[in-house]
Amino acid sequence: KLHSDLDKGVGTVKYTLSGDGAGTVFTIDETTGDIHAIRSLDREEKPFYTLRAQAVDVDTKKPLEPESEFIIKVQDINDNEPKFLDGPYVASVPEMSPVGAYVLQVKATDADDPTYGNSARVVYSILQGQPYFSIDPKTGVIRTALPNMDREVKEQYQVLIQAKDMGGQLGGLAGTTTVNITLTDVNDNPPRFPKSIFHLKVPETSHVGSAIGRIRAVDPDFGKNAEIEYNIVPGDGGNLFDITTDEYTQEGVIKLKKPLDFETKKAYTFKVEASNLHLDHRFHSVGPFKDTATVKINVLDMDEPPVFSKPMYTMEVYEDTPVGTIIGAVTAQDLDAGSSSVRYFIDWKNDVDSYFTIDATEGTIATNELLDRESTAQYNFSIIASKVSNPLLTSKVNVIINVLDVNEFPPEISVPYETSVCENAKPGQVIQTITAADKDLSPAGQRFSFKLSSEASNKPNFTVHDYRNNTAGIETRRNGYSRRQQELYFLPVVIEDSSYPVQSSTNTLTIRVCRCDSDGTIQSCNVEAIFLPVGLSTGALVAILLCIVILLVIVVLYVALRRQKKKDTLMTSKEDIRDNVIHYDDEGGGEEDTQAFDIGALRNPKAIEDNQMRRDIKPDTLRFPRHRPPAEDNTDIRDFINQRLQENDVDPSAPPYDSLATYAYEGNGSVAESLSSIDSLTTEADQDYDYLSDWGPRFKILADMFGEEESYNPDKVT
């Protein structure tokens, strides 16, 4: 209710209402100011409304007071029941779980105001599912209530859960949901055979590896907890059979490991053990998780084909054996109880089989044609045996016949050899290793022997060394061979075998003499090499000789031109002072005489006038070889000589390079005769200077110099 102090009750004041729900949810009496709700209110839809009210003058329409705002709050009542928004629920728990094992937590929601009264206070309870499960009334957690719940007894449980507000008091609203609980499997049950003995009947003709029967142990568990492994307990008959597990049916499949024979053994007994693959240690105390059963197998008699005494027959026969000769026999018999006669015949496949025949009753094999080992060394064919009582039952065996050799052919050298011997060969040198071959089939241990023929054994050229392993070596018997004397040698070698009768043959080896180096490597074996040791043709030798003659002519011409040039040099004009030869007949004073000859006459006047460097040309003179003793490497002496050499090169007063001093014949009275060597036909290397020591003290230095030179002469042999 709204009221203004300015309202005197005379109808001059009018009340207005605006805001949330004005005119739709709420209305106001304009005269009295009473506010009324015109429809039902839902707190869960809108918990409060904000409105504005004002009092205005009826006549002037002006507000008498400022606009006022107020809130209308909707008070909650318990009009909503709890609801399970996630239901229905599905849960699982392992079987054999202890009491109180957690299963699931459920939750209910109440839309009422939780802050006002107990309208939203929810309490949980179980309406259906006791005494197996329990629920916490406040949290809604579901747990197991009974121990050792067995999945094999009951697997599915449906539990009805109730949630009630008002704290579960009378008058409260309630909601329900369903929880489907499944007990999951654990391996708490061992496999068990439904019976202790299994009987199987197996035909004796069953193939090895085939399945001959099935047995099964029952395990009430599920999935991998029900997987079973079967094993045959070692004992009577167990080694003939094997057992595996069918992964789809968990059955034990018995298979045959070895063939059965009714006539040998008619029944087998063994034990089979079944056990779980995946064990749970929590249930070991229950007992062993395995079971044992006995399997009895009865072998059924079947009509079988004949059986040969051997899986394969091998026979031998000599070649050229007369037709009709028996070389062996095969044997087959019917092992069934009513033993039947057997008939034999050859399984004809090609013409080779026609070389032999077989007796249909006795099974003896004989030759039908003459055999030749060199044509066919081995025959391979099949023989079939059938029962007279049932010709359709047959068996087959393979027969191999080896044709033995009769020694018909002599041994021969296996391959043609190209044998050669070096001219510089030494005695006992192996120049070739030979082997032999025999067209006959050599039996085990046969050996070939090698030797020279009687006419060649007396010759001193070559010999044969038998190594006694079917090989032999050709060895030299002398020191050196000459191609000029004999280029080819023919060596007859006799080869014998060890069969009976002994066969032998004479084989001729051709041995060629070749030129070799010092290491024994062959350089040439042809005929031209005998006359041309360097391997050159006649035309090449003629060309080489012609070139040598031309070179000799060029050398002779060059020497002649050099001598002519020297002669012209000595006869040049006397106007050129450098070319003058000064002759004097007086004997000088030796090394101590410095006044006997005026050296100024030999100077170059032009070089003196121009004061220039010397431009003398050193003449090309004929030099005779002289052998000097090797000088020791002395750095000080070498530097001193180089310094003096440079000083004389720039000194204009030094003698010119091309000055020639000629010492003429001194006369008959001189003990030394002529000292000139210009016309001498001998070189210094041919002279003997020992006589210089006899000339007195003046020639002592010269005698010491040449005597010292001779002592260092490397060409002189003492």
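Here is a short chat about a predicted model of one protein chain.

Me: What should I know about the model and its numbering before we start?
Reply: It's a predicted model, where local features need pLDDT of at least 70 and side-chain atom pairs count only at pLDDT 80 or more, while totals for chains, interfaces and linings use all residues. Side-chain values use heavy atoms, with hydrogens and water left out, and residues are numbered from 1 along each chain as its sequence is written.

Me: How many helices and strands are there in the protein chain?
Reply: Helices (H or I, at least four residues) and strands (E, at least two) are DSSP runs, numbered from the N terminus. Going by that, the protein chain has five helices and 37 strands.

Me: What share of the residues counts as buried?
Reply: Buried means under 20% relative accessible area, exposed over 50%, and partly exposed in between (1.4 Å probe, protein chains only). Out of 718 residues in the protein chain, the buried share is 32%.

Me: And how much accessible surface does the protein chain have?
Reply: Areas come from the Shrake-Rupley method with a 1.4 Å probe, and for residues only the protein chains shown count as cover. Carbon and sulfur atoms own 53% of the accessible surface, whose total is about 45700 Å².

Me: What percentage of contacts with a separation of 6 or more comes from residues 24 or more positions apart?
Reply: A contact here means heavy atoms within 4.5 Å. For the protein chain, the percentage from residues 24 or more positions apart is 65%.

Me: Which strand does S31 join through five bridges?
Reply: Two strands pair if DSSP finds at least two bridges between them. S31 is joined to S29 (residues 412-413) by two bridges, running antiparallel, and Glu-412 has Ala-437 in S31 as its bridge partner. On the other pairing, Val-430 has Glu-475 as its bridge partner. The antiparallel strand with five bridges to S31 is S34.

Me: Is Thr-419 buried or exposed, and what is its relative accessibility?
Reply: Thr-419 sits in strand S30 (residues 419-422). Leaving aside neighbours within four places in sequence, Thr-419 is in contact with residues including Ile-431, Thr-510 and Arg-512. Thr-419 counts as buried because its relative accessibility is 4%.

Me: Which side chain makes a polar contact with the side chain of Thr-419?
Reply: A polar contact is a pair of N or O atoms within 3.5 Å; within protein, one must be able to donate a hydrogen and the other to accept it, and residues adjacent in sequence count only if both atoms are side-chain atoms. For Thr-419 the distance is 3.4 Å, and the partner is the side chain of Gln-432.

Me: How many salt bridges does the rule give?
Reply: The rule asks for a side-chain nitrogen of Lys or Arg within 4 Å of a carboxyl oxygen of Asp or Glu. By this rule, the count is 15.

Me: Which residue forms a salt bridge with Asp-34?
Reply: The closest N and O atoms of the Asp-34 pair are 3.0 Å apart, and the partner is Lys-1. This pair links distant parts of the chain, 33 residues apart: Asp-34 is in the loop between strand S2 (26-28) and strand S3 (35-37), with Lys-1 in the segment before strand S1 (13-19).

Me: Which residues are linked with Arg-151 in a network of salt bridges?
Reply: Arg-151 is buried at 12% relative accessible area, and Arg-151 has a salt bridge with Glu-155 at 3.8 Å between the closest N and O atoms. The residues linked with Arg-151 in the network are Glu-152, Glu-155 and Asp-185.

Me: Which residue's backbone nitrogen lies 3.5 Å from a polar atom of the side chain of Thr-139?
Reply: Thr-139 is in the loop between strand S9 (133-135) and strand S10 (141-144). Thr-139 is partly exposed at 37% relative accessibility. The backbone nitrogen at 3.5 Å belongs to Val-141.
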